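Welcome! Let's take a friendly walk through a protein and the ligand that it holds. Have a look at the sequence and structure here.

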Amino acid sequence: MSEPRDLSARITVLITADEIAARNHALAGEIVAALGRAPLIVPVLKGSFIFAADLLRALHEAGAAPDMDFITLSSYGAETTSRGEVTIVRDTEVPVAGRDVLLVDDILESGRTLAFAKDLMIARGANSVASCVLLHKQGKQVVDIAPDFKGFDCPDRFVIGYGMDVGHAYRQLPFVGYIEE
Ligand code: IMP
Ligand code: MG
């Protein structure tokens with residue numbers, strides 16, 4: 001058996017589960033108004049999986065009937081700073097040609113991940129490509145990209161929870177927070 005994980009780290013809550021849930025419902029309304037009822041939702045894994053699952057159910061409540069497929073991209077490995085090069089770890093299966101694609105990601109930081117995914121969908125003939133991120137680290141983008149839909153602005157620090165990890169830990173937290181030094 002592996003060693004039990006140290007659960008004693010002090011974590012500060014930045015955005016509560018209730019705040020996230022309320023924002024997801026508002027976002028779903030914005031998305032249906034802009035993209036219609038049948039977009040192809042493409043979550044960028046892994047960090048977006050909880051956000052995407054909640055957003056999908058909020059979209060259902062907002063009257064949408066989206067399709068969903070997944071892409072797994074990597075730019076970080078197990079570190080907390082980007083290596084700057086994006087690679088496809090697992091690709092989508094659903095054809096994107098002619099579809100109105102909504103990319104869903106956890107955080108827009110340098111913008112490289114989302115720009116890579118957007119270029120890929122356009123190259124494959126998507127009719128339109130929009131993006132929805134839970135968190136936007138304003139002023140950190142090194143490529144020219146802005147989210148079409150966003151949950152919250154995020155301070156310039158490494159955050160965890162609600163699907164987001166550090167070294168593959170803390171994804172299970174129901175809120176967004178950070179580890180105190
Ligand atoms: P970008 O390519 O620099 O925009 O990085 C975006 C990706 O890096 C996100 O999809 C996250 O998976 C990851 N990331 C960036 N900042 C954080 C953070 O503060 N916590 C956890 N993951 C992060
Ligand atoms: Mg990510």
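## Before we start

A residue is called buried under 20% relative accessible area, exposed over 50%, and partly exposed in between (1.4 Å probe, protein chains only). This is a predicted model, in which local features need pLDDT of at least 70 and side-chain atom pairs count only at pLDDT 80 or more, while totals for chains, interfaces and linings use all residues. Residues are numbered from 1 along each chain as its sequence is written, chains are lettered from A and ligands numbered from 1 in the order in which they are written, and side-chain values use heavy atoms, with hydrogens and water left out.

## Around the ligand

How many residues surround ligand 1? There are 15, and the closest are Asp106, Ser110, Thr113, Lys137 and Val159; a residue is near if one of its heavy atoms lies within 4 Å. Sorted by class, this shell has 7 charged (Asp, Glu, Lys and Arg), 5 nonpolar (Ala, Val, Leu, Ile, Met, Phe, Trp, Tyr, Cys and Pro) and 3 polar residues (the others, Gly among them).

Polar contacts are pairs of N or O atoms within 3.5 Å; within protein, one must be able to donate a hydrogen and the other to accept it, and residues adjacent in sequence count only if both atoms are side-chain atoms. Oxygen atoms of ligand 1 lie 2.6 Å from a polar side-chain atom of Asp106 and 2.8 Å from one of Lys137. Glu109 uses its backbone instead, with an N or O atom 2.9 Å from a ligand oxygen. The protein covers 92% of the 490 Å² of accessible area that ligand 1 has on its own (Shrake-Rupley method, 1.4 Å probe; for residues, only the protein chains shown count as cover).

## Salt bridges

Side chains of opposite charge can pair when their charged atoms come close. The structure holds 10 salt bridges, each a side-chain nitrogen of Lys or Arg within 4 Å of a carboxyl oxygen of Asp or Glu.

One of them joins Arg57 and Asp54, with N and O atoms 2.8 Å apart. The two are 3 residues apart in helix H2 (residues 49-61), or about one helical turn; helices (H or I, at least four residues) and strands (E, at least two) are DSSP runs, numbered from the N terminus. Arg57 is exposed at 51%, whereas Asp54 is partly exposed at 25%.

Another bridge links Asp153 and Lys150, with 2.6 Å between the closest N and O atoms. Asp153 is partly exposed, at 43% relative accessible area, and Lys150 is partly exposed too, at 24%.
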